Every structure is written in C-alpha cells, then in structure tokens.
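Colleague: I am new to this structure. Please take me through its features one by one, with the general idea before each case.

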Amino acid sequence: MKKTIFVVALSIAGFIAVWRFEPGPVHNTAAVAQAPPSAGATATPAAPSTAPSTSDSPDATVTTQGSAESSKYGVVQVQVTFTGSRLTAITLLQAPNEGRALTALPRLQEEAMQAQSADIDTITGATETSESYKTSLQAAIDARGNR
Amino acid sequence: MSTRVEQIMGLPISLDLRDDDDFTEVVDDVFAWFHDVDARFSPFREDSEVSRYDRGELAAAGLSDDLLEVLELCAYYEQLSGGAFRARLPGRGLDPCAVVKGWAVQRAADMLKAEGATTFCLNAGGDVVTAGEPEPGRPWRVGVRHPEQPLAVCAVLESRNGAIATSAAYERGSHILDGRSGTPATGLMSVTVVAGDLVTADALATAAFAMGEEGITWAADRPDCEILIVDDSRRVHRTAGLALAS
C-alpha cells in the first residue's frame with residue numbers, strides 16, 4: 001500500500017508539472033477528466049502498470065487530493081481517482097482565475113497523427129522562401145489548383 | 001475561378017479565388033500592390049521609403065500615409081508585447097517586415113472584397129486570409145505545418161472569413177529576435193494565431209514567438225483570437241475556441 005501511495009503521489013506530481021504549463025483557468029476540466037488513457041499516459045506513464053493492488057480489490061476506487069501547489073500561473077490543486085490501478089478521473093480543485101482556457105495535454109505526435117487524414121486547402125507556417133517552397137506542401141496545393 | 005502564384009517580397013504569394021465572375025482586373029491590382037509594397041517598404045532595398053527614412057533622408061512629415069500606419073502598428077505591438085516585438089533593434093536598421101506582410105496581405109484581401117469577391121484564400125508565405133466557403137457548407141481547411149516535418153501538418157483549422165498566421169524558426173533559422181535582449185527567441189517551436197484580420201494574427205504570432213514561453217499565456221489573453229502553440233518540449237497548447245477540422 002505504501003508503494004501505491006508513492007505511485008499516486010508521483011502521478012500527482014506529474015500532473016502538476018503539466019498543469020504548470022496550463023496557463024489559463026481551466027473551464028475544460030471535464031474534457032481533461034475524459035481524456036483517453038493514451039493522453040493521460042503522458043503524465044502518468046507508470047501508474048497503470050506498476051501500481052500494486054495487493055491489498056486492494058481489483059476495482060476499488062481510490063480518490064486522492066494533491067497538495068495545493070503555487071506555480072507562476074497561480075495555485076493549482078488536482079484530485080485524481082483510480083479504479084483499481086487505472087486512472088479514471090482528474091478533477092481540478094483549484095486553478096488560476098486569470099487568462100483564458102488553454103489545453104496543454106495533447107502531445108505533438110498525437111495531434112499530428114489526427115491531422116494527416118484531413119483534406120487541406122492551404123498551409124500556414126510554411127513556404128517562407130522560394131527554396132523551401134519548391135518542395136513544400138503549399139506548392140503542391142497551388143499546383144493542384146492550377147490544373 | 002482562378003489561381004495565381006507569384007514570388008514577391010521573397011515569398012510565394014498564392015491566391016485561390018472561387019467566385020464565378022471575372023476578377024482579372026482586381027487580381028492584377030492585388031499582385032501589383034504586392035510589388036509596390038516590396039519596392040516601398042523593403043529594408044533590403046536601398047531606395048525604398050523605409051531605407052530612405054532610416055538613413056534620415058526623409059523627414060517624418062514627408063512620409064506616406066501607408067508608412068505612418070505601419071510605424072504606428074509597430075509602436076502599438078512593441079508596447080503591447082513589453083518590447084519583445086521591436087521594429088528597430090539597437091545597432092540595426094529599421095525593419096518593419098513583421099508588420100508589413102500581414103498589413104499588406106490584409107489590404108489586398110480588402111481590395112478583393114471591395115470589388116465584390118466573396119470566396120477566396122490568399123496565402124503569402126504561410127500567412128493566410130480566407131473569405132467565404134470553397135464549397136457550400138464547408139469552410140476553408142488550413143493546415144498548420146508540422147514544426148519538425150516540412151511535408152506534414154500538425155493540425156488542420158477551419159476558417160471562413162478570417163486570418164491565420166504562424167511564426168516559427170524552422171524555415172529561416174532563428175530570424176525572430178527577442179527585442180528585450182536582442183538575441184534569438186527561444187522556448188517555442190511555432191505559434192499560430194487565428195484572428196479576424198491578418199494584421200492582428202501576424203503581429204501577435206511574431207510577438208508571442210519573440211516572448212518565448214511566456215508568449216503562451218500572453219497570446220491566449222489577447223481578446224478575439226485563438227492560438228495553437230507548440231513549445232520546445234513538443235507540447236501543444238491551444239485555446240478552447242480554436243476551430244479544429246474533424
């Protein structure tokens with residue numbers, strides 16, 4: 001059980017590190033709580049596999065509150081819920097009041113994977129120079145339009 | 001319907017116009033405008049208005065209304081960004097490029113609209129203004145270049161009447177300097193700003209990139225814009241209102 005607490009504490013520490021990057025107030029707590037395990041895994045890679053459940057029944061629900069941490073964006077405090085060894089919810093108990101909602105959890109690679117399937121009419125952030133333009137996605141799109 | 005691409009200001013500028021009427025004349029005017037802007041505002045041309053003003057050959061009273069407007073915009077964003085965005089760095093000449101591009105492209109889009117164009121996508125080196133819908137019920141889909149893979153996108157945004165700009169260091173090296181220190185900006189891989197006009201989108205993207213990590217909250221706090229930022233840890237930060245294509 002001690003090890004479980006240790007892992008949970010580590011997990012909370014992991015989340016706080018992420019929330020420190022969460023500059024805004026978070027009106028989208030629900031979205032975070034519903035994040036699929038793969039997104040949550042960014043912050044808690046060790047939790048599902050290493051949390052021992054020797055003294056817990058497999059599906060016992062454990063809710064733990066993290067300490068209130070002050071970050072440069074304000075005070076952040078999270079509550080996490082495990083069902084068995086699986087992380088099932090993250091609730092933000094305290095968050096900075098200023099600024100707008102920002103999501104910081106998705107990783108670049110996951111975002112990029114989802115984006116590859118969409119049709120595109122144009123590209124932002126590319127083709128600064130003629131050299132790179134010749135080999136760019138934007139040039140291909142423009143060529144398609146000229147046909 | 002017409003498409004046109006030209007290399008001006010060192011940038012490929014493309015126009016994808018979907019209106020049925022003949023807009024040949026205004027499209028010619030738009031590209032002539034870009035050549036004109038290049039001639040007047042390039043700090044790389046010795047005879048441009050910007051260079052002559054910088055060398056003291058033109059008095060402030062003798063400047064064109066356009067350059068006065070550009071200088072006013074530079075001053076506004078310098079103040080708004082706490083000096084991170086700066087058109088004149090110590091020891092360097094006047095370089096209003098960061099404002100000129102967005103301003104010139106927005107002006108071109110306004111020219112098209114004034115002549116009745118309703119459906120187009122104008123892209124100048126990755127800074128985009130959109131109008132209308134390319135197909136009924138479908139917005140323009142704007143891919144955001146993946147900061148590490150030139151031929152991949154990391155997000156796709158939907159846009160009807162709006163503007164999108166991205167600032168990053170991957171194409172021209174670390175060309176964006178933090179005006180507060182004079183050294184290349186660090187902390188972010190790319191900053192994309194969606195706003196109602198390209199003057200705002202382009203200036204905010206450049207300023208936030210120059211600010212580094214603190215640019216994330218700074219950009220998110222600007223009203224009437226949405227952001228997508230990739231930081232140096234490859235984390236993606238985006239505002240809740242960002243219109244991602246499904």
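Modeller: Start with the salt bridge: a side-chain nitrogen of Lys or Arg within 4 Å of a carboxyl oxygen of Asp or Glu. This is a predicted model, where local features need pLDDT of at least 70 and side-chain atom pairs count only at pLDDT 80 or more, while totals for chains, interfaces and linings use all residues. Residues are numbered from 1 along each chain as its sequence is written, chains are lettered from A and ligands numbered from 1 in the order in which they are written, and side-chain values use heavy atoms, with hydrogens and water left out.

Colleague: How many salt bridges are there over all chains?

Modeller: The search of the whole structure finds 20. Take one from chain B: the side chains of Arg4(B) and Asp28(B) meet at 2.7 Å, N to O.

Colleague: Where do the two partners, Arg4(B) and Asp28(B), sit in the chain?

Modeller: For that you need helices and strands. Both are DSSP runs, numbered from the N terminus: helices are H or I with at least four residues, strands are E with at least two. Arg4(B) is in strand 1 (residues 2-8) of chain B, and Asp28(B) is in helix 1 of chain B. The pair links distant parts of the chain, 24 residues apart.

Colleague: How do I read whether a residue is buried or exposed?

Modeller: Look at relative accessible area. Buried means under 20%, exposed over 50%, and partly exposed in between (1.4 Å probe, protein chains only). Arg4(B) has 26% relative accessibility, so Arg4(B) counts as partly exposed. Asp28(B) is partly exposed too, with a relative accessible area of 36%.

Colleague: Which residue forms a salt bridge with Glu133(B)?

Modeller: Arg160(B) does, with the closest N and O atoms 2.7 Å apart. Glu133(B) has a relative accessible area of 28%, so it is partly exposed. Arg160(B) is partly exposed at 39%.

Colleague: What about Arg180(B) and Glu214(B)?

Modeller: They form a salt bridge as well, with the closest N and O atoms 3.5 Å apart. Arg180(B) is in the loop between strand 8 (177-178) and strand 9 (183-184) of chain B, and Glu214(B) is in helix 6 (residues 214-220) of chain B. They are 34 residues apart. Arg180(B) is partly exposed at 36%, and Glu214(B) is partly exposed at 42%.

Colleague: Which residues are linked in a network of salt bridges?

Modeller: Asp36(B), Arg40(B), Asp66(B), Glu69(B) and Arg107(B) are.

Colleague: Next, rings. How do I read an aromatic pair?

Modeller: Rings of Phe, Tyr and Trp (its six-membered ring) pair if their centres lie within 6.5 Å. Planes under 30 degrees apart count as stacked, over 60 as edge-to-face and the rest as tilted. By this rule the count comes to 5 aromatic pairs over all chains. In one of them, Phe41(B) and Trp103(B), the ring centres are 5.5 Å apart and the planes are at 70°, so the pair is edge-to-face.

Colleague: Why does the pair of Phe41(B) and Trp103(B) tie together parts that are 62 residues apart in sequence?

Modeller: Because Phe41(B) lies in helix 1 (residues 24-41) of chain B and Trp103(B) in helix 4 (residues 97-114) of chain B. Both Phe41(B) and Trp103(B) are buried. With Trp33(B), they form one aromatic cluster.

Colleague: Which residues have a positive phi without being glycine?

Modeller: Met9(B) has a phi of about 60° and is not a glycine. Met9(B) is in the loop between strand 1 and strand 2 (11-17) of chain B, and is partly exposed at 22% relative accessibility. Asp224(B) also has a positive phi, near 60°. Asp224(B) is in the loop between helix 6 and strand 11 (225-231) of chain B, and is exposed at 70% relative accessible area.

Colleague: And chain A: how many helices and strands are in it?

Modeller: Chain A has 7 helices and 6 strands. Of its 147 residues, 44% count as buried. Met113(A) is in helix 5 (residues 108-115) of chain A, and Met113(A) is exposed at 62%.
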